[in-house]
Amino acid sequence: MQSLTLSTQLIQQVVDLARRAGEAIMEIYNQADVGTVYKEDNSPLTQADLVSHRLIVGELTKLTPDLPVLSEESRSKPYEERRSWSRFWLVDPIDGTKEFIKRNGEFTVNIALIEDGEPVAGVVHAPAVQTTYWSARGLGAFKQIGEAKAQPIRAVVPASTPMLVVASRSHSGAETEAFLAKLRELGDIDVISIGSSLKLCLVAEGAAHLYPRYGPTMEWDTAAAHSVVVEAGGTVTNLKGETLQYNKADLLNPYFAVLGDLPPELRAQIVERL
């Protein structure tokens with residue numbers, strides 16, 4: 001395959017697709033019964049997940065017929081097949097299904113373009129709050145609220161701000177608490193709890209310094225927002241400082257940390273405590 005041109009036009013088509021999926025999701029979100037069932041791993045699945053999945057996969061296949069699409073709700077693709085994919089779309093039709101079921105609005109549609117194991121473009125759309133983050137290698141990272149003009153974002157927090165740490169709304173535990181205790185050695189910290197890939201996006205837009213993740217996530221949970229963070233000047237790495245890789249034999253992510261564009265000394269102090 002030749003390299004797919006990352007143009008503003010292509011990304012806008014994917015943004016429009018994510019918003020269309022968001023509209024379909026919200027139709028079900030506003031119903032009394034969202035049709036929840038449970039998968040083999042006991043994770044929830046709603047009718048909205050399936051509607052979003054079918055729409056996104058179908059439209060991406062039309063947009064780029066030569067590129068495979070891997071969605072959380074796809075039938076399992078064996079690594080023997082996937083290992084030959086140098087470029088593909090990676091989709092989470094609804095990231096934060098638990099938040100969707102709780103009706104707190106903290107869920108997203110995630111669409112990422114993966115090239116040679118790295119996310120080179122990403123769209124994260126939060127339909128309940130009409131907010132979209134998008135990015136592409138060489139084009140930067142942006143945030144758009146409703147129909148307002150998209151604004152460039154940078155992963156920089158004002159120097160005088162207390163350290164702001166993002167934590168999971170539904171998945172926090174002893175390891176996270178131990179890390180936060182170590183961080184308090186550096187001074188006061190404020191913890192922000194929120195669901196889905198919005199955690200990464202808060203770092204990308206400079207609303208938080210970091211997001212430590214001590215808990216299981218899958219590649220489709222992080223890929224789109226990973227691109228946004230990197231294009232905004234931040235990093236997404238495992239606890240050894242190695243950039244997260246995609247299309248692995250095992251699609252489970254390692255524990256990881258998302259850091260903004262921090263002063264070198266502060267970054268070193270945080271990394272030492274991970």
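Reply: A helix here is a DSSP run of H or I with at least four residues, numbered from the N terminus. In this predicted model, helix 1 spans residues 8-29, and isoleucine 25 is found in it.

Me: Why is isoleucine 25 called buried?

Reply: Buried means under 20% relative accessible area. Isoleucine 25 has a relative accessibility of 1%, so it counts as buried.

Me: What is isoleucine 25 in contact with, leaving aside its neighbours within four places in sequence?

Reply: Contact means heavy atoms within 4.5 Å. On that basis isoleucine 25 touches Ala48, Ser52, Pro93, Ile94, Phe100, Phe107 and Val109. The C-alpha atoms of isoleucine 25 and serine 52 are separated by 6.6 Å, although the two residues are 27 apart along the chain.

Me: What makes strand 3 and strand 9 edge strands?

Reply: The open sheet has seven strands in the order 3-4-5-6-7-8-9, with mixed pairing. Strand 3 (69-71) and strand 9 (151-152) each have a single partner strand, so one side of each is left without a neighbour in the sheet.

Me: How do you know that strand 3 and strand 4 pair?

Reply: Pairing requires at least two bridges between the strands. Strand 3 and strand 4 (residues 87-95) have three bridges, in the parallel sense, and therefore they meet the definition. Leucine 70 stands opposite leucine 90 in strand 4. Helix 2 (residues 47-63) packs on the sheet, where it touches strand 3, strand 4 and strand 5 (108-115).

Me: What makes glutamate 59 and lysine 62 a salt bridge?

Reply: The definition asks for a side-chain nitrogen of Lys or Arg within 4 Å of a carboxyl oxygen of Asp or Glu. Between glutamate 59 and lysine 62 the N to O distance is 3.3 Å, and therefore the pair qualifies. Both residues lie in helix 2, three residues apart, about one turn of the helix. Arg20, Glu59 and Lys62 are linked in a network of salt bridges.

Me: Why is lysine 62 called exposed, and why is glutamate 59 called partly exposed?

Reply: Exposed means over 50%, and partly exposed lies between that value and 20%. Lysine 62 has a relative accessible area of 64%, so it is exposed. Glutamate 59 has 23%, so it is partly exposed.

Me: What does the salt bridge of lysine 143 and glutamate 205 tie together?

Reply: Their side chains meet at 2.8 Å, N to O. Lysine 143 lies in strand 8 and glutamate 205 in the loop between helix 6 (198-204) and strand 12 (210-213), so the pair ties together parts that are 62 residues apart in sequence.

Key. Residues numbered from 1 in each chain as written. Predicted model: local features only at pLDDT ≥ 70, side-chain atom pairs only at ≥ 80, totals over all residues. Heavy atoms only, no water. Helix = DSSP H or I, 4+ residues; strand = E, 2+ residues; numbered from the N terminus. Buried < 20%, exposed > 50% of the residue type's maximum accessible area, 1.4 Å probe, protein only. Axes fitted to C-alpha atoms, helices over the stretch in contact; angles between N-to-C directions.
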